[in-house]
Amino acid sequence: MLIVITGGDAGQAEELKPALVDFELDWKVEWAPDPVAANASLQTADVLVTDLETHGSSAQIELRERNPHAIRILLLERGQGGDAMHALDGAHRVLNKPLDAGELIDAVESVVDLRIHSFPTRRSSDLKSVV
């Protein structure tokens, strides 16, 4: 599974990598300062993690349209809930900053579970088209 984090700082991705190893997950993590810089990665990403500032950008919206199957996670600072109402329709899950590996894993797995239950005839090898 490829997780691409845009916006924020590279430290988020670097801190996430060892935590995913601790959970024994073979997930890859990449970071880009903005969606334009992550263009190639975002097109193949299974999970897109953005903050509120990046989430609504025109580049992010365009990439979301090019990769509609990617799970979209929106990161919010505490107290940003009211500002985020317009962005909620584009996110599968909303998490608080700082990004916590356990919460991210739970969020991704819950979306995958929902998709599997929504498409019960799909094989696990077809999961990429569901995720």
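Which residue with a positive phi follows H1? That residue is Glu-24, and its phi is near 60°. Let us look at the rest of the chain around this helix.

What you see is a predicted model, in which local features need pLDDT of at least 70 and side-chain atom pairs count only at pLDDT 80 or more, while totals for chains, interfaces and linings use all residues. Residues are numbered from 1 along each chain as its sequence is written, and side-chain values use heavy atoms, with hydrogens and water left out.

**The chain as a whole**

The chain has six helices and five strands. Here helices (H or I, at least four residues) and strands (E, at least two) are DSSP runs, numbered from the N terminus. Along the sequence, they follow the pattern β-α-β-α-β-α-α-β-β-α-α. The chain has 131 residues, of which 44% count as buried. Buried means under 20% relative accessible area, exposed over 50%, and partly exposed in between, with a 1.4 Å probe and protein chains only. Contact means heavy atoms within 4.5 Å. Of the contacts with a separation of 6 or more, 58% come from residues 24 or more positions apart.

**Helix H1**

The buried residues of H1 are Gln-12, Ala-13, Leu-16, Ala-19 and Leu-20. Seen down the helix axis, these buried residues fall within an arc of 125°, so they line one face of H1; the arc is that of the directions from the axis to the C-beta atoms. On the other side of H1, Glu-15, Val-21 and Asp-22 are exposed. The buried residues of H1 pack against S1, strand S2 (28-32), S4 and H5.

**The nonpolar cores**

A nonpolar core is a set of buried Ala, Val, Leu, Ile, Met, Phe, Trp, Tyr and Cys residues joined through side-chain atoms within 4.5 Å. The largest one has 22 residues, and Ile-3, Ile-5, Leu-16, Val-49, Ile-73, Leu-99 and Leu-104 are those with the most contacts inside it. At least two residues of this core come from each of strand S1 (2-6), helix H1 (11-22), strand S3 (47-51), strand S4 (71-76) and helix H5 (101-118). H5 gives the most to this core, with seven residues. Apart from it lies another core of six residues, including Leu-2, Val-4, Leu-42 and Ala-45.

Val-49 sits in strand S3, and Gln-12 lies in helix H1. The contacts in this table leave out residues up to four places away in sequence.

| Residue | Relative accessibility | Contacts |
|---|---|---|
| Val-49 | 1% | Ile-3, Val-4, Ile-5, Thr-6, Ile-73, Leu-75, Leu-99 and Leu-104 |
| Gln-12 | 15% | Ile-5, Gly-7, Leu-75 and Leu-99 |

Val-49 and Ile-5 are 44 residues apart along the chain, yet their C-alpha atoms are separated by 4.6 Å.

**The largest pocket**

On a 1 Å grid over the protein atoms alone, a pocket is an open set of points with protein on both sides within 12 Å along at least five of seven lines, and lining residues have an atom within 4 Å of a point. The largest pocket has a volume of about 160 Å³. Its lining is made up of Gly-8, Asp-9, Gln-12, Glu-15, Leu-16, Ala-19, Lys-97, Pro-98, Leu-99, Asp-100 and Ala-101. H1 gives the most to this lining, with four residues.

How values were computed. On a 1 Å grid over the protein atoms alone, a cavity is a set of points where a 1.4 Å probe fits but cannot get out, and a pocket is an open set with protein on both sides within 12 Å along at least five of seven lines; lining residues have an atom within 4 Å of a point. Grid points are joined across faces, edges and corners, and a volume is the space filled by probe spheres set on the points.
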